[in-house]
Amino acid sequence: MGQKITIEPVTRVEGHGKVTIHLDNEGNIAQTRLHIVEFRGFERFVQGRPYWEAPVLVQRLCGICPVSHHLAAAKALDVIVGAGTGDGLTPTGEKMRRLMHYGQFFQSHTLHFFHLAAPDLLFGIDGDPLKRNIIGIALENKELAVQGVMMRKYGQEVIRATAGKKIHGTGAIPGGINKHLSEEDKEYLLNGDDPINIAKMIDWSQAALEFFHDYHKKNKDIIDEFIDFPSSYLSLVRKDGALDIYHGVLRAVDPEGKKILHDVDYQEYYKYIDEEVRSWSYMKFPYLKEIGTKTGWYSVGPLARLNTADFIDTPLAQKEFEKFKAYNNGKPSNKPMHYHWARLIEILHAAEKMKELLNDPDLLEGELVIKGNKSYEGVGLLEAPRGTLFHHYKINDNDQIEMANLIVSTTNNNQPMNEAVNQVATKMMTGKQKITEGMMNAVEVAIRAYDPCLSCATHALGQMPLEITLLDQNNKVIDNKTSV
Amino acid sequence: MDTIIRITIDGIECMASRGQYIVEAAKENGIYIPTLCNYPGVKPKGSCRICTVKVNGKLMTACTTPVSQGMQIENNTSELNELRKAIIELLLVEGNHFCPSCEKSGFCELQALAYRFKVMVPRFPYSFPLRKVDASHPKIIKDQNRCILCKRCIRAVKDDKGRSIFAYRRRSHRVEVGVDAKLGKLLTDELAQKAMDVCPVGSIIVKEKGFAVPIGERKYDNKPIGSDIENISVSKH
């Protein structure tokens, strides 16, 4: 008789989700699904609100990367207030926003790698779940834990200096920014007392990469072989092909690296991308229109960005990018565990960018806001830590928001996460009647590679833990386990 | 007749001018009595009751009660502060006050009072009324979700003939403040800004300017409401 396994809740990811695994009579995997079971409705309740409220309101989608939503909304509203489509701001406006964004990348990626993912690497996928967490890391490898905590703090301090608060600030406003960087904050972030200074952050970013390289050498089975499936990749790239997380054109490549979306203007994203609804998840499935629902899906996030970009414009990260490219023979990496590698390269890139910006005099003085001819519709895109984030607004004659469409990073990764879960489940659970804790965590490790923000993806309420249920062919529950 | 009289506030001997309202006399003596519907330069109304004090043992509103010789006033007592806190809490649950996305956050007197009186958790059930945002005026948005019906805008924002540009409409629990249908077009940029500044909450918003003051520089970011009064040196009569 067939069976169904449910993993619920999924832990050490942000949001709330569950996995169901259907087994056939022979105990083989018939189907695996990652369900996102929350609903929030931000797109609906911003309707009727004054448009300039959107960047402050919609960032409440998330407490981990609110800056992404804050800036994506502000970019969409730049279009509405006639401040250009992403590159029309004053130097101060654009650079302050960029600094905020790099600060956020730094803290969010750090949180993901050190707090959420590293426990699996340090203690093993089937390690003792009581140790497999950030406290376990602190006890085992104090230095690594301290680095994780202090790097996150540094990123948060950059956000405070640019947005006014570490979480849910108000820095970006339509057409620019509401403040300069203070001399005091500049000095603090550049040359603060150990370890809060940019030199230490660059050192530690490199040390984290060394840690990863060392781990990779000894654990190719996990980093290279654990999950491996062909995917297309989508991200913003700068017009010249450089990695750019704040602004650029939309590019997608196939699993071999061939361009399938040719550096298009994102104001018309809806010409190229659509979303499919499936009955069993609140999260939609985006796809490239030209290719269709079946094979038009793509991955976003750190790995996608390094797979689409031609180069990185900071020297230390470029060196690591070259190593990464060489390892994958110049082609896209189709190994989702390489997300961690790409994430660490981006941490280094963000640190280098912050150094560059903190030394830029435009942050200390200059015009903050620019406005031009008003229009009634705007699209704002940027690369959030977890991938490409779309904000699209229409307003009415009375300055109220009439329509909002948000396609968030994790939604873009819906299909690839399902593929990854399916592959790991097939590998770990085929023919098994009982779920072990290790098997369950293996499925979570696959999800965690993408660093999903599930609450944000469905605009959902609540926290996130994962649960697995095993059901037979008649949907009778055979086994049910909740993650620790 | 002597114009200077003596009163006591919480046992402290104070000098006051005859005819002065209690809040003003207290202010001149460096004593803060919280207010919300009251606004300097505008005739007091006494509608919100936040300024309630005990005068010779009886509850009175300090913004509408003139001082008189020998008045004994109780102000900063736990009994009165508990009543004031309850009024703030009732105002917060009566409307739809979502500070996280409100551009008056940091300038809002209701929010500042809630911080000062340590409103930490909702004690009363939210009523979640269904109210509208009126954005039809070209210069301002009137968000009824946040209006506390204090009438400050009605009393303070007037055209050059002294006519109120804002007005009450409807009745009973449906009463609301709106822009007067005929006089609304007289709302200049200056008057629109004045209306926003006069509004103690975020119910009147000038269009297209939100969140221009960064966090840290907003009125109540660094010091609680009333601290300006408590810090002034006592005037000498």
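Trainee: Are α8(A) and α12(A) roughly parallel or roughly antiparallel to each other?

Mentor: Heads up, this is a predicted model: local features need pLDDT of at least 70, side-chain atom pairs count only at pLDDT 80 or more, and totals for chains, interfaces and linings use all residues. Helices (DSSP runs of H or I, at least four residues, numbered from the N terminus) α8 (198–218) and α12 (338–358) of chain A pack at about 165 degrees, their axes 9 Å apart. Axes are lines fitted to C-alpha atoms over the stretch in contact, and angles run from 0 to 180 degrees between N-to-C directions. Under 35 degrees counts as roughly parallel and over 145 as roughly antiparallel, so this pair is roughly antiparallel.

Trainee: How many residues of that α8(A)–α12(A) contact are nonpolar?

Mentor: Nonpolar means Ala, Val, Leu, Ile, Met, Phe, Trp, Tyr, Cys or Pro; Asp, Glu, Lys and Arg are charged, and the others, Gly among them, polar. Three polar and two charged residues take part, and the nonpolar ones number 13.

Trainee: Which element gives the most to the side of domain 1 of chain A that touches domain 2?

Mentor: An automatic or database assignment gives domain 1 as 3–37 + 420–482 and domain 2 as 89–228 + 336–366. Their contact (C-beta atoms, placed from the backbone, within 7 Å) takes 15 residues from domain 1 and twelve from domain 2. With eight residues, the top giver on the domain 1 side is α15(A).

Trainee: How many residues of chain B are in contact with chain A?

Mentor: Residues count from 1 along each chain as its sequence is written, while chains are lettered from A and ligands numbered from 1 in the order written. Chain A brings 19 residues to this contact. Chain B's side has ten nonpolar, four polar and three charged residues, and its total is 17.

Definitions and conventions
Contact = placed C-beta atoms within 7 Å. Helix = DSSP H or I, 4+ residues; strand = E, 2+ residues; numbered from the N terminus. Parallel < 35°, antiparallel > 145°, perpendicular 65-115°, else oblique.
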